[in-house]
Amino acid sequence: MTYVDIVTALALLQFMVFGFKVARARGRYGIAAPAIAGNEIFERYFRVQQNTLEQLIVFLPALHVFSHSYSPLVAAALGAVYLIGREIYAVTYVKDPKKRELGFLLTVLPTAILIFGGLFGAIRQLK
Amino acid sequence: MTYVDIVTALALLQFMVFGFKVARARGRYGIAAPAIAGNEIFERYFRVQQNTLEQLIVFLPALHVFSHSYSPLVAAALGAVYLIGREIYAVTYVKDPKKRELGFLLTVLPTAILIFGGLFGAIRQLK
Amino acid sequence: MTYVDIVTALALLQFMVFGFKVARARGRYGIAAPAIAGNEIFERYFRVQQNTLEQLIVFLPALHVFSHSYSPLVAAALGAVYLIGREIYAVTYVKDPKKRELGFLLTVLPTAILIFGGLFGAIRQLK
């Protein structure tokens with residue numbers, strides 16, 4: 001599970017960095033907590049973090065479940081696609097939210113493969 | 001842990017479906033990202049997804065911890081109640097947020113049993 | 001992993017309590033779902049819960065990964081710092097969002113140690 005642990009830690013670090021960027025954007029665009037709106041660019045950083053939260057809560061358990069049935073190396077490779085996809089998502093979303101599709105797909109697709117793979121792998125083990 | 005893995009994968013799929021419904025509601029009610037408000041029905045879909053996120057982050061680790069001390073089949077049965085409760089929650093919330101109580105209870109109760117069961121199970125193993 | 005399971009269950013309980021406080025604040029300050037704004041004190045309770053969600057999604061997997069390489073007791077001790085930090089964060093944030101730094105640091109620091117420790121531990125096992 002070493003490869004899975006490394007991908008897990010990297011995905012957590014990536015999410016923390018997105019969080020620090022939200023904090024920095026609070027200062028830069030003058031949005032004091034608890035406000036979460038009021039400046040378009042701040043809101044983009046905030047939505048990148050929130051959307052990554054929504055992805056991470058699915059990605060990490062799916063990575064885990066998948067690796068119970070299939071090779072942890074394959075799981076980690078799908079995880080690498082997720083990590084790159086999130087970076088693309090974050091960069092493009094802040095520039096222009098309408099261009100977030102590619103990065104979004106590159107995180108949703110590996111996650112979907114991990115979920116369905118994990119589900120079928122577990123069902124197969126029931127027999 | 002096969003039963004626990006199946007329930008985990010189903011809960012992740014359910015959450016992804018709620019996410020797709022938010023994306024669809026964005027288009028249908030004309031709420032372009034990064035806005036998360038402006039139409040009552042869109043906001044309901046969004047709150048269903050957000051509330052499920054809040055539940056999922058508790059439910060999945062609780063399911064895991066509980067199954068370290070008790071039968072994975074019992075854990076999975078409690079998980080099935082959670083899954084049904086979330087479906088009821090989603091359907092009723094979109095119709096009328098005031099009617100969300102039943103679905104909410106059917107997700108909070110099994111999760112509370114999983115947490116307290118997991119906590120007592122782990123403490124008992126300390127001895 | 002008993003110590004890690006206990007800390008996990010306690011962190012989940014703490015988050016649930018923060019959620020109940022949001023629900024109570026909805027009633028007390030007259031913010032009916034799906035609204036998430038409109039009263040400063042309600043928004044503080046809501047942001048405490050949301051920020052804890054953002055921390056929890058990182059803290060729990062990091063705790064898990066760290067304990068694969070190092071003593072679960074050390075992991076649990078770092079987890080205890082996280083739990084105390086979150087309590088301080090919640091109390092101070094509701095009183096005055098500007099005073100949230102200490103509680104925030106006491107949750108981010110142990111989590112960062114768990115992530116980097118877990119990452120280096122896993123990388124070392126690759127050899």
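**Chain A, order of elements.** I read the elements of chain A from the N terminus and noted α-α-α-α. The count for chain A is four helices and zero strands, where helices (H or I, at least four residues) and strands (E, at least two) are DSSP runs numbered from the N terminus. I also noted that the C-alpha trace of chain A spans about 55 × 25 × 20 Å along its principal axes.

**Basis.** I recorded that this is a predicted model, in which local features need pLDDT of at least 70 and side-chain atom pairs count only at pLDDT 80 or more, while totals for chains, interfaces and linings use all residues. Residues are numbered from 1 along each chain as its sequence is written, chains are lettered from A and ligands numbered from 1 in the order in which they are written, and side-chain values use heavy atoms, with hydrogens and water left out.

**Chain C with chain A.** I looked up the interface and found 26 residues of chain C in contact (heavy atoms within 4.5 Å) with 24 residues of chain A. The two chains bury about 2100 Å² between them, 79% of it on carbon and sulfur atoms; this is the accessible area (1.4 Å probe) lost on being put together, summed over both.

**H1(C) and H3(C).** I noted that helix H1 (residues 2-29) of chain C packs with helix H3 (residues 72-95) of chain C at an angle of about 15 degrees, their axes 8 Å apart. Axes are lines fitted to C-alpha atoms, for helices over the stretch in contact, and angles run from 0 to 180 degrees between N-to-C directions. H1(C) and H3(C) are therefore roughly parallel to each other (angles under 35 degrees).

Conventions. Parallel < 35°, antiparallel > 145°, perpendicular 65-115°, else oblique.
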